[in-house]
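Please read each point with the structure open.

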Amino acid sequence: VATVQILGYRHTRAYVIERELETKVGEPLTPATVAQDLQRLANLDVFSSIRVEVDADGAGGVRVTYHLRELPPVLPYISYDVTDQDGWSFGPAVKSVNLFGRDIFLAGYAMFGGRTSYLIDFSQPWMFGDHVSLDFDASRIVRQNDFDGFEETSTEATPRLGVWIGAHGRASLAASFLRFHADLPGHTLSATDVDDLFRIGGSAGYDSRDDWSNPSTGWWTEADVWKTGGVLPGEGNFWTMNLDGRRFQPAIAGHTIVLAGLLTL
C-alpha cells in the first residue's frame with residue numbers, strides 16, 4: 001500500500017475515520033482487511049454510502065481510496081408511539097447521529113396524546129482508550145394507569161460507562177435513578193406516594209456480529225446485574241439479573257436465522 005486516501009467527508013473529524021482503518025501505508029494489501037475496514041466504517045452509522053477503489057500507482061504499489069457520503073448532521077422529525085394501554089402519542093423530535101463530527105449520537109423528543117413523555121438519549125461510543133464509551137438516557141413520563149386507576153409520573157436518568165475487552169469483549173458500569181409518583185395513595189413502596197429508587201450495576205458481553213445494523217453471522221450476548229436500594233438510599237432492596245443472547249446463522253439464498261433467548265431474574 002503506497003497511499004490511503006479518504007474522500008467525501010466534510011463534517012466528520014478525520015481521526016474518527018482513520019482509527020477504524022487497519023489498511024496502512026507500507027503494509028501488504030489484504031482484501032479481507034479492506035472489507036473489514038468498510039464494515040467498521042458502516043458500523044459508525046454516520047455515512048449513507050461507503051465504497052473503496054484500489055488502483056496501481058505506477059511504481060509497484062497500490063493506492064487505496066475510500067469514498068464516503070455523510071448523513072445529515074441534524075435531522076428533525078415527528079416521533080410517535082402506540083401501546084395497548086396508552087394508545088397513540090405524537091410529538092416533535094430531533095436527532096444527530098454525528099454531533100460535532102465525533103460520531104456522537106444525541107436525540108430528544110416530546111410526545112403528547114395517550115401519554116406525555118420526554119426523552120434525551122446521548123451516546124459517545126469511543127471517547128478514548130479501547131472504545132471507552134459514555135451513554136446517558138433521561139426520561140419523564142406522565143400517564144394514566146387505567147388498570148389500577150391512578151395517574152403515574154416517572155422520572156429516570158441512567159449514565160453508563162463502557163469499554164471493549166479485545167475485539168469482541170464488552171463491559172460496562174452504570175448507575176440509575178428513578179422517581180415514581182402516584183396521585184393516589186396505596187401504589188408506592190413509601191407512604192408519601194413518591195418512591196426514589198437508586199441502583200448500580202454492571203454488564204459483560206460478547207459481540208462477534210459481522211454487521212451491527214443487519215447482521216448475517218455471529219453472536220451477541222450480554223449479562224447484567226443490578227442492585228436496587230439496600231446500602232443505597234431510597235426505597236426498595238432487591239437484585240435484578242438479565243441474561244440475553246442472540247445467534248445469527250447464515251441460511252440459504254442470503255437469509256439469516258436468528259435464535260434469541262432472554263432470562264430475567
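1. Proline 185 is exposed, because its relative accessibility is 61%; buried means under 20% relative accessible area, exposed over 50%, and partly exposed in between (1.4 Å probe, protein chains only). This proline sits in the loop between β10 (169-182) and β11 (194-207). Its C-alpha is 9.1 Å from that of phenylalanine 150, although 35 residues separate the two in sequence.

2. On the basis of the values: this is a predicted model, in which local features need pLDDT of at least 70 and side-chain atom pairs count only at pLDDT 80 or more, while totals for chains, interfaces and linings use all residues. Residues are numbered from 1 along each chain as its sequence is written, and side-chain values use heavy atoms, with hydrogens and water left out.

3. Strands are DSSP runs (E, at least two residues), as are helices (H or I, at least four), numbered from the N terminus; two strands pair if DSSP finds at least two bridges between them.

4. At one end of that order, strand β13 (residues 237-250) is joined to β14 by 9 bridges, and the two run antiparallel. Asparagine 242 has threonine 264 in β14 as its bridge partner.

5. A further open sheet has 3 strands in the order β1-β3-β2, with mixed pairing. Its edge strands are β1 (3-7) and β2 (47-56), each pairing on one side only. The twist from one strand to the next averages 15°. Between β2 and β3 (residues 62-70), which run antiparallel, there are 9 bridges; arginine 51 stands opposite histidine 67 in β3.

6. Helix α2 (residues 31-43) lies across β2 and β3 and runs at about 160° to β2. Axes are lines fitted to C-alpha atoms, for helices over the stretch in contact, and angles run from 0 to 180 degrees between N-to-C directions; contact means heavy atoms within 4.5 Å.

7. The 13 residues of α2 reach 19 Å from first C-alpha to last, close to the expected 18 Å, the expected span being 1.5 Å times one less than the number of residues. Thr33, Val34, Asp37, Leu41 and Asn43 of α2 are buried, and their cover includes α1 (14-18), β2 and β3. After α2 comes aspartate 45, with a positive phi near 60°.
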